[in-house]
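Have a look at the model first, and then we can go through its packing together.

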Amino acid sequence: MRKKLSILLLLLIPFLSQAQLGGLLKKAKDKITQRADAKVDKEMDKTLDQVEGKKQTGPSDNSTVATETNTVENKPAVKSYSKFDFVPGEKILYAEDFAQDATGELPLNWNASGKGEVQTIDGKSGKWLRAFENTTYLTGNKKNFGENYTIEFDLMYYFEPKVKGYVMPNWKVGILSSGGIDPTDNSFLKEPDEVNNTFVNFAFSNYGGAQLSSYAKRVQTFRSDRMEMGNMMPTNNTVIHYSIQVQKTRFRLWMDEKKVFDIPRAVNVGDTMNQVYFHLEGSNYKEDEVGLFITNIKVATGLPDTRHKLLDEGKFSTTGILFDVNAATIKPESAGVLKEIGAVLKENEGVKIKIIGHTDSDGSDGANLELSKKRSEAVKAALVKDYSIDEGRISTDGKGEGQPVADNKTKEGKAQNRRVEFVKL
């Protein structure tokens with residue numbers, strides 16, 4: 001400390017009076033002491049954490065990534081997505097949360113140009129696909145999406161560099177048509193543009209941005225301007241929910257509640273899309289320093305028609321109201337559906353409804369019945385509080401797993417059965 005103080009004073013002596021020099025001497029001494037104490041405290045905290053068994057951030061040897069608590073996980077429910085107007089399709093075609101896949105292996109029925117591993121993340125529920133650099137991943141979907149469909153997934157851009165300064169790798173999410181052959185065929189790992197392809201290229205650096213492109217038979221048919229997203233570094237190591245809606249040629253994409261794209265003529269028609277793919281570019285960073293973590297993929301087809309179904313048909317069912325696992329806490333990405341329901345009820349003040357919760361078959365009958373009732377009550381509370389609907393117009397009930405509409409033996413069936421039903425009284 002004395003050496004640093006001497007060097008500092010030698011540099012400043014020619015510019016100071018005697019009085020100034022004395023004051024500066026005390027100030028510099030205090031400042032250096034503070035910094036030294038802070039450094040000691042930091043090292044002591046680190047040592048105590050190790051003694052107490054607290055986990056550090058970064059990849060571990062047991063295929064688990066530890067990350068600090070982030071703002072995405074702590075944000076308030078529903079209201080924080082006040083501008084979010086995404087509503088998922090009616091029927092689920094494909095769902096993937098990797099719950100049945102072995103940790104440390106590529107997911108069953110997926111294909112990849114390199115390695116991929118199912119992993120867990122400390123502090124976050126469920127399993128995740130770990131995507132590595134310079135690799136493309138094709139999902140296990142086999143069904144055509146149709147003209148109108150939605151795609152959702154959670155993704156975390158993992159970035160823990162040991163030495164900074166290299167160019168961070170971009171990543172892509174895309175939809176393609178396989179043109180009648182297997183959507184997981186090896187050819188699409190290298191040539192996604194072979195038939196029909198639309199993708200978004202993301203940069204998650206200090207100068208973040210996104211660009212949408214489309215190709216038909218390897219010829220580019222559309223390329224958007226680069227959407228500037230500012231400094232994306234604070235979002236690294238946090239989970240973002242992505243929502244895509246395609247209505248024939250129209251392409252819309254949200255990151256959490258922020259709408260990134262809404263382009264009327266971006267998607268080529270003619271060859272029906274039937275595959276979702278992800279790609280992470282290569283860089284000079286090592287594989288334990290950068291990667292993607294993906295989970296909760298859901299593809300649903302059809303145009304939701306909340307107003308017609310509720311008012312004219314008397315019943316509207318949705319899988320778009322999501323809850324925390326084994327809880328009645330509504331996730332923020334449910335805001336679009338709740339907003340639709342709230343708008344219909346506000347415009348039709350004489351309409352009364354019953355909200356009925358449903359679950360899949362995982363867990364005991366009694367627990368599922370109780371959970372479904374609590375979830376319907378949570379939806380009612382959200383409509384009353386956030387959308388000013390008179391609580392006297394809403395009753396609630398729960399059926400648990402007792403009224404399935406799909407096969408609980410499949411992931412897609414379970415996702416379809418986890419629904420909230422609105423019945424006009």
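## Contacts of one phenylalanine

Two residues are in contact when they have heavy atoms within 4.5 Å. Leaving aside residues up to four places away in sequence, Phe204 touches Tyr157, Met168, Trp171, Met229, Met232, Met233, Thr235, Asn236, Ile240, Tyr242 and Met255.

This is a predicted model, where local features need pLDDT of at least 70, side-chain atom pairs count only at pLDDT 80 or more, and totals for chains, interfaces and linings use all residues. Residues are numbered from 1 along each chain as its sequence is written, and side-chain values use heavy atoms, with hydrogens and water left out.

## Two nonpolar cores

A nonpolar core is a set of buried Ala, Val, Leu, Ile, Met, Phe, Trp, Tyr and Cys residues joined through side-chain atoms within 4.5 Å; buried means under 20% relative accessible area with a 1.4 Å probe, protein chains only. The largest such core has 51 residues, and Phe153, Trp171, Phe202, Phe204, Phe251 and Met255 touch the most other members. Strand 8 (residues 148–159) gives the most to this core, with 6 residues; strands (E, at least two residues) and helices (H or I, at least four) are DSSP runs, numbered from the N terminus.

Apart from this core lies another, of 24 residues, including Phe316, Ile321, Val337 and Leu338.

## Helix 6

In helix 6, the buried residues are Ala335, Gly336, Val337, Leu338, Ile341, Gly342, Val344 and Leu345. They pack against helix 5 (306–313), strand 19 (315–318), strand 20 (353–358), helix 7 (365–387) and strand 22 (420–424).

Notes
Buried means under 20% relative accessible area, exposed over 50%, partly exposed in between (1.4 Å probe, protein chains only).
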